[in-house]
Amino acid sequence: MTVATAGESAHMARALELARLGLWTTDPNPRVGCVLVQGGRVVGEGWHERAGGPHAEVMALQAAGASARGATAYVTLEPCCHQGRTPPCADALIAAGVARVVYAMRDPNPRVDGGGAGRLAAAGIAVEGGLLEAEARELNPGFIARMQRGRPWVTVKLAASLDGGTALPGGESRWITGEAAREDVQRLRARSSAVMTGSGTVRTDDPRLDVRLEGASRQPLRVVLDSRLRTPPTARILAPPGEALILCTTTDDARAAALRAAGAEVQVVPGASGSVDLEAALRLLAARQVNELLVECGAGLAGALLAGGLVDELMLYLAPTLLGRGARPLADLEAPASMAERLQFAIVGRRDVGGDLLLRLRPRQERG
């Protein structure tokens, strides 16, 4: 769009703030906020709370009433133009007599992808896009990844000592980081569509991987990669609340039946060398409308995801402690042939979490 004024940027920033209110609840829909402005005055605000509920534009139009006529709508995502669980937002804006629509990012959904803006323009509404686009994309990385790449946005969470240890040689790992870091991980789970781990972690640590935060109304799908169905039916990850999915390569009917009786869904995924094919698993999860996948796992699965180029982001909680010689590593990876071939990451965020340090990292596209 043309250069925005400070006021326009402020209105879109407010729309993004509203969209963030749906961080834990909109799944599998994107997080969207909308602000309606008439004569420099905000006349209506709205945000999308949950799938099946009113979209942000509709909520803002209801708040504005007759004041919406001739107003400018600032919305974080291009208004939709298709009939889903709710009618098209583009049609609602046209019917309300909105004069101008400014959106942050184009909708990556192939059913929209410019169609919403086109419908608005055909109705005589001035349409501009791209205001605070980067911020809007950061709010919905999983929705974008699922629509454009056919797989979720994959975040691997790791906790380590300063010397890179995740557990003592015998496997003891509770607790490397402090209580504040563990609560922070709860918030990561709350925004995720699914949380995934490996069967080794299930058998060793028996984690729940559920959300235990006050105010959380939704549990992520809990996914176990378990090629040979070694997960015990008594594992805590299978217990309510929420649903559990086990992805395997075997057709062992007895073991599958025992796990299903314990409340789990079991699906066979193709694999090589006895392991679940990770790309196939991610495609399956995307087909189940998983936007953001949080992986909490051991070194083996972390290494396989990294080696396969399937990690979009690392959330690394570093504790100011040392575990010493023989400690278990962050990721089981083959050593590169040269320094030019090493995996490299960009630090895109850092903050103190209690007494620990959180680094948010993304793989660099180039090596060396």
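User: Before we start, what should I know about the model and the numbering?
Analyst: The model is predicted, so local features need pLDDT of at least 70 and side-chain atom pairs count only at pLDDT 80 or more, while totals for chains, interfaces and linings use all residues. Residues are numbered from 1 along each chain as its sequence is written, and side-chain values use heavy atoms, with hydrogens and water left out.

User: How many helices and strands does the chain have?
Analyst: The chain has 11 helices and 16 strands, where helices (H or I, at least four residues) and strands (E, at least two) are DSSP runs numbered from the N terminus.

User: How much of the chain counts as buried?
Analyst: Of the 368 residues, 48% count as buried, with buried meaning under 20% relative accessible area, exposed over 50% and partly exposed in between (1.4 Å probe, protein chains only).

User: Which residues touch the most other members in the largest nonpolar core?
Analyst: In that core of 35 residues they are Met12, Leu36, Ala73, Leu93, Val98 and Val101, a nonpolar core being a set of buried Ala, Val, Leu, Ile, Met, Phe, Trp, Tyr and Cys residues joined through side-chain atoms within 4.5 Å. Elements that each supply at least two residues of this core include helix H1 (6–19), strand S1 (33–38), strand S3 (72–77) and strand S4 (100–105). There is also a second, separate core of 34 residues, which includes Ala194, Leu305, Leu306 and Val311.

User: What does Val101 touch?
Analyst: Leaving out residues up to four places away in sequence, Val101 touches Ala73, Val75, Pro79, Leu93, Leu120, Ile125, Ala126, Val127 and Glu128, where contact means heavy atoms within 4.5 Å.

User: Switching to Lys157, is that residue buried or exposed?
Analyst: Lys157 is buried, with a relative accessible area of 16%, and is found in strand S6 (residues 153–161). Its contacts, not counting residues up to four places away in sequence, include Leu188, Glu296 and Tyr317.

User: What covers the buried residues of H6?
Analyst: The cover includes S4, H5, S6, helix H7 (179–191), helix H10 (278–287) and strand S13 (292–296). The buried residues of H6 (residues 141–149) are Pro141, Gly142, Phe143, Ile144, Ala145 and Arg146, and just after H6, Gly150 takes a positive phi of about 70 degrees.

User: Which residue other than glycine has a positive phi near 55 degrees, and where does it lie?
Analyst: That is Leu132, which lies in the loop between strand S5 (126–129) and H5 and is partly exposed, with a relative accessible area of 22%. Asp206, in the loop between helix H8 (199–205) and S8, also has a positive phi, near 50 degrees.
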